[in-house]
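Subject: Structure for your review

Dear colleague,

Please find the structure below, followed by notes on what was found in it.

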Amino acid sequence: MIQIRDVVKRYGHLQVLNGVNLEVADGQVVVISGPSGAGKSTLLRTINGLEPIHGGSIVVNGTNVHARGTNLNKLRQEIGFVFQHFNLYPHLTALQNVTIAPIQVKKIPRAQAEAKAKELLTALGLKDKMHNYPAQLSGGQQQRVAIARALAMDPKVMLFDEPTSALDPEMIKEVLDAMKALAGKGMTMVVVSHEMGFAREVADKVAFMESGKVLEEAPPEEFFNNPQNPRVKEFLSKILR
Amino acid sequence: MIAGYTMDWRVITEYLPVLLYGVVLTLRLSVMAIIVAIVVGVFAGLCRISRNPIISFLATAYVEFLRGIPLLVFLMFIYFGVGSFVNLDVQVASVFGLGVFAGAFVAEIVRAGIESIPKGQMEAARSSGMSYLQAMRFIILPQALRRILPPLAGQFIALIKDSSLVSVISGKDLTLQARNVIIATFRSFEVWLFTAALYFIMTFALSQLSHALERKFKIEH
């Protein structure tokens with residue numbers, strides 16, 4: 001469960017988050033959309049404490065992320081993060097990318113961590129690629145390794161920061177399919193994305209952000225068929241052709 | 001011959017043990033100085049990227065100051081200058097002087113190597129629950145090391161060559177041995193040429209070693 005309350009964030013004089021409110025219940029999939037510069041990625045990065053905030057609060061599974069004394073290293077083990085540009089470790093194989101955090105952070109025995117990583121990679125269709133280095137994989141394969149890497153920590157929440165926007169069109173589907181499968185298993189997910197088909201099909205709630213604020217949030221059918229905010233109507237008319 | 005100098009290479013065979021002992025002295029001195037340079041340099045390099053302004057200022061001051069003065073002056077200052085207050089063994093002064101001097105260059109190499117790793121690597125590591133130190137140890141430094149290796153080897157080759165300067169403060173090394181042989185024999189041409197060859201063998205070996213390591217650690221991007 002994620003509760004975002006009145007979150008304010010500045011870069012110098014630039015106000016990027018302007019009082020954001022959003023709730024994500026357990027097992028919910030929330031897709032955040034909106035024009036670039038709206039603060040979507042920044043918001044996502046404040047949820048696991050990658051970015052500090054200047055006001056408001058974010059509570060993940062009962063832990064106040066930005067409170068003094070919060071053990072972020074511990075909290076982040078419960079929050080998987082998937083990046084736009086994958087950020088795989090280039091000096092490690094796919095398998096090692098997936099096992100390094102379980103082994104070093106959670107102190108899980110290597111054999112056990114590898115067994116689990118192989119299971120995850122196989123489920124994501126990467127059985128033959130386990131011993132390849134990231135540079136030997138396509139973008140879609142790299143992003144699936146990144147999803148496996150996040151899942152290996154047994155997170156309670158998964159955050160996706162534009163997971164398909166750096167991919168070639170024909171690779172987008174394989175990543176979205178992996179995310180759909182995850183949503184089907186009841187994972188709590190927050191996805192920053194412009195994949196409206198994915199939002200329509202998988203999301204429990206779609207949020208529209210602009211100028212550091214959530215302008216509208218609604219279940220997908222309502223969001224797409226009957227948006228209330230004129231800016232949302234305009235935005236949808238431009239991206240839904 | 002011009003100036004009436006006739007070459008006589010028997011000096012080399014006769015004094016070979018003395019000169020080879022000089023190689024041992026120079027290697028020992030260089031290895032110890034390299035260890036000091038790595039310890040001081042990695043520490044100062046990490047301090048330079050510290051978010052604490054005082055720590056990074058002190059590290060920057062060390063790097064800028066030592067890179068801006070001649071090694072010979074620094075060695076003189078350590079051995080004769082600092083040596084006026086505390087009793088300094090010439091070998092200790094040599095190792096310390098060379099190591100701390102090269103450390104300033106190592107610090108810059110380490111800093112540049114770490115900063116060349118994309119930010120997303122640290123973010124991915126921290127997002128998976130690693131502490132800053134774990135992220136450095138398992139993700140950043142292994143990648144940075146591969147980029148650091150070639151310039152570091154160049155720095156250590158320079159250190160082997162620069163170590164000849166310690167002979168000026170009477171530090172025992174190959175150059176001092178060569179000078180002693182010449183004082184005894186007056187065979188300047190033969191001894192200096194042979195000494196140059198000995199230095200070249202040492203630096204060339206190190207350069208080959210670095211190429212081999214580079215190939216071994218290479219990662220595709």
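**Helix packing in chain B**

Axes here are lines fitted to C-alpha atoms, for helices over the stretch in contact, and angles run from 0 to 180 degrees between N-to-C directions. The crossing of helix 1 of chain B and helix 4 of chain B is right-handed; that is, the near helix is turned clockwise from the far one by less than a right angle, anticlockwise being left-handed. The residues of this contact between helix 1 of chain B and helix 4 of chain B comprise 16 nonpolar, five polar and three charged. Nonpolar covers Ala, Val, Leu, Ile, Met, Phe, Trp, Tyr, Cys and Pro, charged covers Asp, Glu, Lys and Arg, and polar the others, Gly among them.

Chain B has eight helices and zero strands, both taken as DSSP runs numbered from the N terminus (helices H or I, at least four residues; strands E, at least two). The C-alpha trace of chain B spans about 75 × 45 × 30 Å along its principal axes.

**Basis of the values**

This is a predicted model, in which local features need pLDDT of at least 70 and side-chain atom pairs count only at pLDDT 80 or more, while totals for chains, interfaces and linings use all residues. Residues are numbered from 1 along each chain as its sequence is written, chains are lettered from A and ligands numbered from 1 in the order in which they are written, and side-chain values use heavy atoms, with hydrogens and water left out.

**Interface of chains A and B**

In the interface, 24 residues of chain A are in contact with 20 residues of chain B, contact meaning heavy atoms within 4.5 Å. About 1,800 Å² is buried between chain A and chain B, and carbon and sulfur atoms give 58% of that area. Buried area is the accessible area (1.4 Å probe) that two parts lose on being put together, summed over both. Of the area that chain A buries against chain B, A:Tyr89, A:Pro90 and A:His91 supply 31%, more than any other three residues.

One salt bridge is found across the interface of chain A and chain B. A salt bridge is a side-chain nitrogen of Lys or Arg within 4 Å of a carboxyl oxygen of Asp or Glu. B:Glu123 and A:Arg45 meet in a salt bridge, at 2.7 Å from N to O.

**Within chain A**

Over all chains the structure holds 20 salt bridges. One of these joins A:Glu174 to A:Arg144, with the closest N and O atoms 2.8 Å apart. This pair links distant parts of the chain, 30 residues apart: A:Glu174 lies in helix 6 (residues 169-184) of chain A and A:Arg144 in helix 5 (residues 139-151) of chain A.

Helix 4 of chain A packs against helix 5 of chain A at an angle of about 140°, with axes 9 Å apart. That makes helix 4 of chain A oblique to helix 5 of chain A, and the crossing is right-handed. A:Lys116, A:Leu120 and A:Leu121 of helix 4 of chain A meet A:Val145, A:Ala148 and A:Leu151 of helix 5 of chain A in this contact.

Regards

Methods:
Parallel < 35°, antiparallel > 145°, perpendicular 65-115°, else oblique.
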